Amino acid sequence: MEGVEETLVVIKPDAVSRGLAGEIISRFERKGFRIKRLEMLRMTRQSAEEFYSVHKEKPFFNELVSFITSGPVICIILEGRDAVATVRRMIGPTKSWEAPPGTIRGDFSLGLTDNAVHASDSRESYIKERKALFGI
Ligand code: CMP
């Protein structure tokens, strides 16, 4: 299929603890994405700092790392057509309270740090984030 690529989704601790993982994974499957890899894990401080290294100068960096390491996350590699952009559209904007209904953040979150899901914003981010989480 033309334009097939991979992207990475992380279901964050807030969504995992609220029991939303199945619903979120199901949305990607119903859309037509193929799950290439899926793992539940607890990020270490070191892997979280590597995963979010583009944000290390931001004022919210510490809060972000503390939050993402606060409980288990579910890390998923998805494959499908135009996966990076399509998955970003499905999750909605970072500020969940502004996210439109029908998006994952729009339907399940009001948070900013605790905004249910993360997805790679580019091919380069995907490569870097995959390395931080899966070591590949
Ligand atoms: P995420 O897609 O995981 O990528 C970086 C995260 O930083 C973002 O979602 C938010 O959860 C978090 N974050 C916390 N504070 C802010 C902020 N002020 N602006 C943008 N992102 C923030």
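This is a predicted model: local features need pLDDT of at least 70, side-chain atom pairs count only at pLDDT 80 or more; totals for chains, interfaces and linings use all residues.
The residues around the ligand are Lys12, Tyr52, His55, Phe60, Leu64, Thr94, Arg105, Leu112, Thr113, Asn115 and His118. Sorted by class, this shell comprises four nonpolar, five polar and two charged residues. Lys12 and Arg105 are the charged members, since Lys and Arg are counted in that class.

From the side chain of Lys12, an N or O atom lies 2.7 Å from a ligand oxygen. His118 also contributes through its side chain, with a polar atom 3.0 Å from an oxygen of the ligand. Thr113 uses its backbone instead: an N or O atom there is 3.3 Å from a ligand oxygen. The ligand taken alone exposes 450 Å², and the protein buries 79% of that area.

Aromatic pairing was searched across the whole structure, and one pair was found. The partners are Phe51 and Tyr52, with ring centres 4.8 Å apart. Their planes meet at 70°, over the 60 degrees required, so the arrangement is edge-to-face. Both Phe51 and Tyr52 are buried.

How values were computed. Residues are numbered from 1 along each chain as its sequence is written. Side-chain values use heavy atoms; hydrogens and water are left out. A residue is near a molecule or strand if one of its heavy atoms lies within 4 Å of it. A polar contact is a pair of N or O atoms within 3.5 Å; within protein, one must be able to donate a hydrogen and the other to accept it, and residues adjacent in sequence count only if both atoms are side-chain atoms. Accessible areas come from the Shrake-Rupley method with a 1.4 Å probe; for residues, only the protein chains shown count as cover. Rings of Phe, Tyr and Trp (its six-membered ring) pair if their centres lie within 6.5 Å; planes under 30 degrees apart count as stacked, over 60 as edge-to-face and the rest as tilted. Buried means under 20% relative accessible area, exposed over 50%, partly exposed in between (1.4 Å probe, protein chains only).
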